[in-house]
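Subject: Structure handover

Dear colleague,

Here is the structure I said I would pass on. My notes on what was found in it follow below.

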Amino acid sequence: MGGCRKNCGFTVAVAAVFLLSLLGDAEAQTLLLGACPNPPMQQNFSANDFMGRWYEVERTFVMAEVGWRCISVDYKQEGDRVKVETVGQAVVRRAMSAVATFTPNSPARIILRGEGSLPTQSTNYVLYTDYENAAVVWSCRNVEPPIPISGLDFLRNLSHTENLWILSRKRTMDPAVKEQIYTFLDTNAITRRSLRPVPQDTCQDASTTPT
């Protein structure tokens, strides 16, 4: 009990900071209880067939795309690398680029390394695609305690954040195809409660080269 009197106050304080960080994540992404799930990825995934232009039809909140509409995502082979260019329209035209690595032993797992002054890295998973009409891309990150202290081990795997994108080869998606995707998500316990439509009306197609 004496040890607790010395350390419990600090542990509670750090736990409070952790809970505040969870609230911050809740504003940025979909915050869910427990560790990241392990949904099935697209079987026999073909990176070559996945190349080309996709349009974001629905997605969860993404900080980098706040205020964007008419969002397109291009996967393009450039020499020995795959470049991913995301373009949208806001007050002004917006664009960002990344380099994609398809994991050899698990090609539906895509590591994205952002290009620019503040490069970032993330891992996305292609859960479903028929290559010609639609795709479901998902990412997940376990929320870790802010400080690695043994007394906070109980906070590990307490929660995670997810991002989800529904992509289409056209700016609009057939309602029947969308319902099939919803069924797929529900069957595999992937929450879609935070999905929001991405406006794709009155859009201007243009080169995806960032400016």
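A salt bridge here is a side-chain nitrogen of Lys or Arg within 4 Å of a carboxyl oxygen of Asp or Glu. By that criterion, the whole structure holds 11 salt bridges.

Before the details, two notes on the basis. This is a predicted model, in which local features need pLDDT of at least 70 and side-chain atom pairs count only at pLDDT 80 or more, while totals for chains, interfaces and linings use all residues. Residues are numbered from 1 along each chain as its sequence is written, and side-chain values use heavy atoms, with hydrogens and water left out.

Confidence
pLDDT is the predictor's confidence in each residue, from 0 to 100. Its mean over the protein is 81, with 74% of the residues at 70 or more. Over residues 1-28 the pLDDT stays under 50, and the model has 25 contacts (heavy atoms within 4.5 Å) for them beyond four places in sequence. Residues 207-211 are also below 50.

Layout
The protein has 3 helices and 10 strands, taken as DSSP runs numbered from the N terminus (helices H or I, at least four residues; strands E, at least two). From the N terminus on, their order is α-β-α-β-β-β-β-β-β-β-β-α-β. Of the 211 residues, 41% count as buried; buried means under 20% relative accessible area, exposed over 50%, and partly exposed in between (1.4 Å probe, protein chains only).

Salt bridges
Arg59 pairs with Glu56, with 3.3 Å between the closest N and O atoms, and both residues are buried.

Arg69 forms a salt bridge with Asp201, where the closest N and O atoms are 3.2 Å apart. Because Arg69 lies in strand β3 (residues 69-78) and Asp201 in the segment after β10 (196-197), this pair ties together parts 132 residues apart in sequence. Arg69 is partly exposed at 23% relative accessible area, and Asp201 is partly exposed at 43%.

Arg81 and Glu115 meet at 2.9 Å, N to O. Arg81 is in strand β4 (residues 81-89) and Glu115 in the loop between β6 (109-114) and β7 (121-129), so the pair ties together parts 34 residues apart in sequence. Shared partners join Lys76, Glu78, Arg81, Lys83, Glu85 and Glu115 into one network of salt bridges.

Regards
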